[in-house]
Structures are given as structure tokens and as C-alpha cells.
Amino acid sequence: MTDAPAQKRPWFGRLLWLVLLAVLLVWALQNAPLTEIWDSLKLLRPWQLGALLALNAVIFALITARWWLIVRAEARAVPFLPLVVYRLAAFGMSYFTPGPQVGGEPLQILYLKNAYGLTAVRATAAVIMDKLLEFLANFLFLALGLFAVAGSGMLGSFAPPAWVAVPVGLLLLWPLLHIILLYRRRHPLSALLKPLHKFLSGRKRFAALETFLRLVIVSEHLAALFCRRHLGALLAALGVSLLSWAGMALEYHLMLTFLSADLTLAETLAALTVVRLSFLAPLPAGLGALEASQVFAATAFGLPAALGISLALLMRGRDMLLGGLGLLIAAVKK
């Protein structure tokens, strides 16, 4: 009699997981302006839609390649194509999670453990390195984009005080500084977490949190070891990450061109920057913030507000397609 509940627990956990994913998908479809998205898609010719889809597939392959290069440096048997599927599942979770596009990382760790036998520590270290390089590329783009915002006239006569550049610059440089510190055998995240880990050690009520903190600390040390042992793979992954950002900028430029919007390079970068900033809002999928950002950008550059709405809806349709596929994959692969 005592064995029956234990045997049912995995099925019960899987059922809860499927219910959670179903709720997320239903919520997304109910809150998505599907009719408006379809109307915006009809503004494009079939070959234009095909070109955007093909470019988006290349971008997603590059994003996955960054993770694959990191994983493959120490686990050479891990193939590339399955990681594309797993990365899509992680994107689905991240896209519908409040905050700056995070939330799918535990799935990446889980897939590496279950599919390829990596330990939790090594899988976590690989994901930490992947996120650091993602943040580095994102922050480098944001630094460039903020200069474009200031120089494009998007803010009109408003000019932020000069001292703002110092904290913003330090924030944007954090991923690069973190990688440099790891390479030089410094562990900033561990230094912050060790006092809390020591305080919780031996306290049964906080055993799960203490285990998690120990996992993060050990994983950061492995990430530092990776930086020293596999500098070539690290640089290759960073290069691929920067290429993916170039692809995203090209995709955005093509969307503007297909919608007959004539913007300069600085204006295009500024408009794309406010897109990325909109996803920092504590809302799943940047709901509402994305649309507002593109209406603001369009009107700031003298374009119709309707064009900004159409542009936002195109991006929303693209992300809903990828995110929905990711949730379905997560349901099957769990």
C-alpha cells in the first residue's frame, strides 16, 4: 500500500506540468490580438513572409549554436539539431514568463541532464555561460542603441544629465566584467551567495534553498574553469551571439522596409532598442509594452501610429508562433 502513492507521483507531476502549460497557452491565445495580427500579416506578400520566416529560422539557429558551442566544448557527443528543439521549448517558457525573457533556463538544464546525462552542476554551468554571453551581446546592443536613441531625436528636446552615463555604462558592462573576472579566477556571484549559503547550512527548513545556492556556487566555479580551458569556444560562442543580433537588426529593417517605412540607420537602431526595452517590463511577453513602444517610435519619427501598431503586431505574431510551438514541445519533452 505504501508504494502506490510513490508510483503515481511522476504521473501526477506530469499532469500538473501539462495543466500549467495548457493554461499558459490558452491565456496567450485569449490575450493575443489574433485578428489584428492576421490583418497585419496580410499587408505583406507571400515572398516577404517567407523571407522573414527564413531569416528568423537562421537567427534561432545562431542563438542555439551559442549554447551548443558551450555544451560541446566539454560534451562533444551532444548533437546540434536536438538542442534547437530544446531551446525552442525554453523560449516558450521564457516568453510567457514575466520579466526580461528569462524562465526557460531550468528546462535547458533538465534537457541536458535527461537527454545527455550531464550532471546538474555541469548543465547549470553551461546555461550560466550561455546566459552571460546572451546578456553580453544584449547589453552591447543596448549600449549602441541608447546612443542611437539620444542621437536620432527620438526624445525630442529632452537630454538626460551627463552623470547618467556612468551607472548605465557600468550596468551594460557587467556581463563582460563578469566573464573577465571568471577568467581571472574570481567568482562574484559566489562571493555574494556564500554568506547566505553559510547561514542556511544545517537548517532543515531551508534545505532546498541551501541546495540550490550550493548548485549555483559550484556551477559558477565550473563556468570560470570553462573560460580558462575553452577560450576559443567562448570567443566563438560570443561571435555567434553577435551574429544573431545582426540578424535581428536585419529582420527589423526588413519589416520596416516591407511596411514602406523609410528610416535612417540611427532611427532604425533607436526603434529596435525601445523594442528590447519593452520586454524588460514585468509583463508576460511584454504585453502592451511592445505595442506602446512601436507607436511611440513611429510617431517620434513622423510616421503614422498605425504603422507602429502593424510593426508590433508582426513581431507579436512571430513570437506567438515560436512561443506556442515551444510550449507544445515542452509539454511533449518534459
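**Figure 1. Contact between helices α5 and α6.** Glu105, Gln108, Ile109, Leu112 and Lys113 of α5 meet Ala120, Ala123, Thr124, Ala126, Val127, Asp130 and Lys131 of α6. By class, the residues of this contact are six nonpolar, two polar and four charged. The model shown here and in the following views is predicted. Helix α5 covers residues 105-116 and helix α6 covers residues 120-152; the two pack at an angle of about 135°, and their axes are 9 Å apart. Angles over 145 degrees would count as roughly antiparallel, and α5 and α6 are therefore oblique to each other. Their crossing is right-handed.

**Figure 2. Contact between helices α8 and α9.** Helix α8 (residues 188-200) packs against helix α9 (residues 207-229) at an angle of about 150°, with the axes 9 Å apart. This angle makes α8 roughly antiparallel to α9. The crossing of α8 and α9 is left-handed. On the α8 side, the contact involves Pro188, Leu189, Ser190, Leu193, Lys194, Leu196, His197 and Leu200; on the α9 side, these meet Leu209, Glu210, Leu213, Arg214, Val216, Ile217, Glu220 and His221. The contact of α8 with α9 comprises nine nonpolar, three polar and four charged residues.

**Figure 3. Contact between helices α11 and α12.** The axes of helix α11 (residues 265-278) and helix α12 (residues 289-300) cross at roughly 160° and come within 8 Å. Helix α11 is thus roughly antiparallel to α12. The crossing of α11 and α12 is right-handed. From α11, Ala271, Val274, Val275 and Ser278 take part, and from α12, Ala289, Leu290, Ser293, Gln294 and Ala297. Six of the residues in the contact of α11 with α12 are nonpolar and three are polar, with no charged residues.

**Figure 4. The aromatic pair Trp68 and Phe80.** Seven aromatic pairs are counted in the model. In one of them, the ring centres of Trp68 and Phe80 are 5.5 Å apart and the ring planes lie at 70°, so the pair is edge-to-face. Trp68 belongs to helix α3 (residues 46-72), whereas Phe80 lies in the loop between α3 and α4 (81-95), so the pair ties together parts that are 12 residues apart in sequence.

**Figure 5. Helix α10 and the residue Ser260.** Helix α10 (residues 231-258) has 28 residues, which at 1.5 Å a residue should span 40 Å; the end C-alpha atoms of α10 are 41 Å apart, in agreement with that expectation. Just after α10, Ser260 adopts a positive phi of about 65°.

Definitions and conventions
Residues are numbered from 1 along each chain as its sequence is written. This is a predicted model: local features need pLDDT of at least 70, side-chain atom pairs count only at pLDDT 80 or more; totals for chains, interfaces and linings use all residues. Side-chain values use heavy atoms; hydrogens and water are left out. Axes are lines fitted to C-alpha atoms, for helices over the stretch in contact, and angles run from 0 to 180 degrees between N-to-C directions. Helices (H or I, at least four residues) and strands (E, at least two) are DSSP runs, numbered from the N terminus. Angles under 35 degrees count as roughly parallel, over 145 as roughly antiparallel, 65 to 115 as roughly perpendicular and the rest as oblique. A crossing is left-handed if the near helix is turned anticlockwise from the far one by less than a right angle, and right-handed if clockwise. Contact means heavy atoms within 4.5 Å. Ala, Val, Leu, Ile, Met, Phe, Trp, Tyr, Cys and Pro count as nonpolar, Asp, Glu, Lys and Arg as charged, and the others, Gly among them, as polar. The expected span of a helix is 1.5 Å times one less than its number of residues. Rings of Phe, Tyr and Trp (its six-membered ring) pair if their centres lie within 6.5 Å; planes under 30 degrees apart count as stacked, over 60 as edge-to-face and the rest as tilted.
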